[in-house]
Each structure stands twice: as C-alpha cells, then as structure tokens.
Amino acid sequence: PAGKYQPINAFGRVWNNLTDLEGRKLNQELGWATARESGYTATSQLFGRTSHFHRYLSLPDNRVVDIYNGLLGINWTWAK
C-alpha cells in the first residue's frame, strides 16, 4: 500500500510465510511497516523438548512472539 513498506531480508521471509495454528499469516497480524527496516537488539529465549521447541522473540514495540516448531510444523502465537 502507498506509504507502507514490506519487510525484506530474513524477517521479510518470516513475515510473509509464517502462519499460526488457525491459518492466520503473521503479516496479517503485524500489518505493513510504516518505515523502512532498521536494526534493533532483540531478546530471544529458547525452550525445547525432544519433539518441539518454542523460541520467544521480542519485537521493537515490546510485544513477544512465540515461534513454535513441533509435530504440526512451524507456527506462531503472541506470547502470554
């Protein structure tokens, strides 16, 4: 859309392709960028078991995404 930006590089691939368990795409939840990409220092935490793992990743606005990789594939949800 006019005045909006599509994320690029590695995050662009995640933003464009990752879905949650209900089939919602991450880009539908986050929306389009309002400025060009810039770097920030994220906090990442990994919690794993033998059959799956959760990676918690902080966003610049302090929300946290839980990226789940398990038997159902790779999905995401907002961390609680």
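## Strands and hairpins

Strands β3 and β4 form a hairpin with 2 residues between them. They run antiparallel and are joined by 6 bridges; two strands are said to pair if DSSP finds at least two bridges between them. Within this pairing, Tyr68 has Asn75 in β4 as its bridge partner. Strands here are DSSP runs of E with at least two residues, helices are runs of H or I with at least four residues, and both are numbered from the N terminus.

Strand β2 pairs with β3, also in the antiparallel sense, over 6 bridges. Phe53 stands opposite Asn69 in β3. The hairpin of β2 and β3 has 5 residues between the strands.

## Basis of the model

This is a predicted model, in which local features need pLDDT of at least 70 and side-chain atom pairs count only at pLDDT 80 or more, while totals for chains, interfaces and linings use all residues. Residues are numbered from 1 along each chain as its sequence is written, and side-chain values use heavy atoms, with hydrogens and water left out.

## His54 in strand β2

His54 is found in strand β2, which covers residues 53-58. Its relative accessibility is 17%, so His54 counts as buried (buried is under 20% relative accessible area, exposed is over 50%, and partly exposed is in between, with a 1.4 Å probe and protein chains only).

The side chain of His54 makes a polar contact with the side chain of Asp66 at 2.9 Å. A polar contact is a pair of N or O atoms within 3.5 Å; within protein, one must be able to donate a hydrogen and the other to accept it, and residues adjacent in sequence count only if both atoms are side-chain atoms. Leaving aside residues up to four places away in sequence, His54 touches Gln45, Leu46, Phe47, Asp66, Ile67 and Tyr68, where contact means heavy atoms within 4.5 Å.

Most residues other than glycine have a negative phi. Asn9, in helix α1 (residues 9-17), has a positive phi near 60 degrees. Asn9 is exposed, because its relative accessible area is 54%.

Asn62 has a positive phi of about 75 degrees, although it is not a glycine. Asn62 lies in the loop between β2 and β3 (64-70). At 68% relative accessibility, Asn62 also counts as exposed.

## Salt bridges

The structure holds 4 salt bridges, each defined as a side-chain nitrogen of Lys or Arg within 4 Å of a carboxyl oxygen of Asp or Glu. Asp20, Glu22, Arg24 and Glu29 are linked in a network of salt bridges. In the bridge between Asp20 and Arg24, the closest N and O atoms are 2.4 Å apart; between Glu29 and Arg24 they are 3.5 Å apart. Asp20 is buried at 4% relative accessibility, whereas Arg24 is partly exposed at 36% and Glu29 is partly exposed at 31%.

Asp61 and Arg63 meet through their side chains in a salt bridge of 2.8 Å, N to O. Asp61 is partly exposed at 43% relative accessibility, and Arg63 is partly exposed at 33%.

## A nonpolar surface patch

Leu21, Leu71 and Leu72 make a nonpolar surface patch of about 410 Å². Patches are made of residues with over 30% relative accessible area and no salt bridge, with like charges joined within 9 Å and nonpolar side chains (Val, Leu, Ile, Met, Phe, Trp, Tyr) within 5 Å. Accessible areas come from the Shrake-Rupley method with a 1.4 Å probe, and for residues only the protein chains shown count as cover.

Leu71 is placed in the loop between β3 and β4 (73-78). Its relative accessibility is 77%, so Leu71 counts as exposed.
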